[in-house]
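Please brief me on this structure.

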Amino acid sequence: MKNFESLFAAWMVVWAVFFVYEVTVARRMARLREDIERLKQQLREG
Amino acid sequence: MKARLALVLAVAALIFFAGYAALFIAPDEKTMHAIQRIFYFHVPSAISAFIAFFIVFIANAAFLVTRKPQWDWLGVAGAEVGVACCTVVLITGPIWARPVWGIWWTWDARLTSTFILWLLYITYLLLRGLLEDPQRRATLSAIFGIFAFLDVPLVYLSNRLWRTQHPQPVILGGENSGLAPGMGKVLLICWIAVVCVMILLVVDRYCLERLRHDYEELRFEVESRSAAAQSIGKER
């Protein structure tokens, strides 16, 4: 299949961009959840 | 949580099927052959970017009217996901162009206006990072977001209004435009798959912004209590 490498590269780019973006969102969420828990702990301890 | 997992798996299955349809079911294009199959993810990503930026436009206008922070959260969610979709368009386009046109990039009206669109929403996101006060940040970025959306119809019309290296529209184009029936069906499947991914990402990004709001409120409460405790200590 001619130009298969380019087709494969484009295909990988599409899902890599979406996947990496989703991973960054998930990581930011996890970090925020940790920070929220830490603040709640501070409030409980007064 | 189970419902979300089921949804993610359903979208993953749809992506897999869309990929299979684009690579093996769609008919071969007579002049470009295999490389033309980039079309099945390039075009849906562009349409998804337009939808995401339209969400930003609606959310920003709604924020300016209602002043509810939820609209601001939706605006930033749409902008980030729109930038991701636009990035896909700007990378897959040159990969397709190189073997077909012999060049990676040219500054024609369609390509330039798409690049400007990407830059505008990057600026929108950078602007938000520069402003500390939430109300000021939401108001200024809402105004900027509405202004940035003006480029979307320009991108859409660019290859209709001007002669461009980018091909003339095959969907909603002139009399001699259109797709072979097999291509149209595969494009529809791929478009649904990419839009589903886009919606999932917007929902996740919205949840992140809501979480950030909760964090800011809690931080304010902790800081207020600590300031109050310090002032009581000084009085004693």
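This is a predicted model: local features need pLDDT of at least 70, side-chain atom pairs count only at pLDDT 80 or more; totals for chains, interfaces and linings use all residues.

Residues are numbered from 1 along each chain as its sequence is written, while chains are lettered from A and ligands numbered from 1 in the order in which they are written.

**Chain A**

- Chain A has one helix and zero strands. Helices (H or I, at least four residues) and strands (E, at least two) are DSSP runs, numbered from the N terminus.
- Along the principal axes, the C-alpha atoms of chain A fill a box of roughly 70 × 5 × 5 Å.
- Chain A has 46 residues, and 15% of them count as buried. A residue is buried if 20 or more other C-beta atoms lie within 10 Å of its own, exposed if 12 or fewer, and partly exposed in between, with C-beta atoms placed from the backbone.

**Where the chains meet**

- In chain B, 30 residues are in contact with 25 residues of chain A. Contact means that the C-beta atoms of two residues, placed from the backbone, lie within 7 Å.
- On the chain B side, α2, α3 (69–101) and α7 (181–235) each give two or more residues.
- The largest share of that side, 14 residues, comes from α7(B).
- By class, the chain B side has 18 nonpolar, four polar and eight charged residues. Ala, Val, Leu, Ile, Met, Phe, Trp, Tyr, Cys and Pro count as nonpolar, Asp, Glu, Lys and Arg as charged, and the others, Gly among them, as polar.

**Helices α2 and α5 of chain B**

- The axes of α2(B) (residues 39–66) and α5(B) (residues 134–148) come within 9 Å and cross at roughly 135 degrees. Axes are lines fitted to C-alpha atoms, for helices over the stretch in contact, and angles run from 0 to 180 degrees between N-to-C directions.
- The two helices are therefore oblique to each other. Angles under 35 degrees count as roughly parallel, over 145 as roughly antiparallel, 65 to 115 as roughly perpendicular and the rest as oblique.
- From α2(B), B:V56, B:F57, B:N60, B:A61, B:F63 and B:L64 meet B:A138, B:A142, B:G145 and B:I146 of α5(B).
- This contact has eight nonpolar, two polar and no charged residues.

**A residue in α7**

- B:I199 lies in helix α7 of chain B.
- With 17 other C-beta atoms within 10 Å, B:I199 is partly exposed.
- B:I199 and B:A52 are 147 residues apart along the chain, yet their C-alpha atoms are separated by 8.6 Å.
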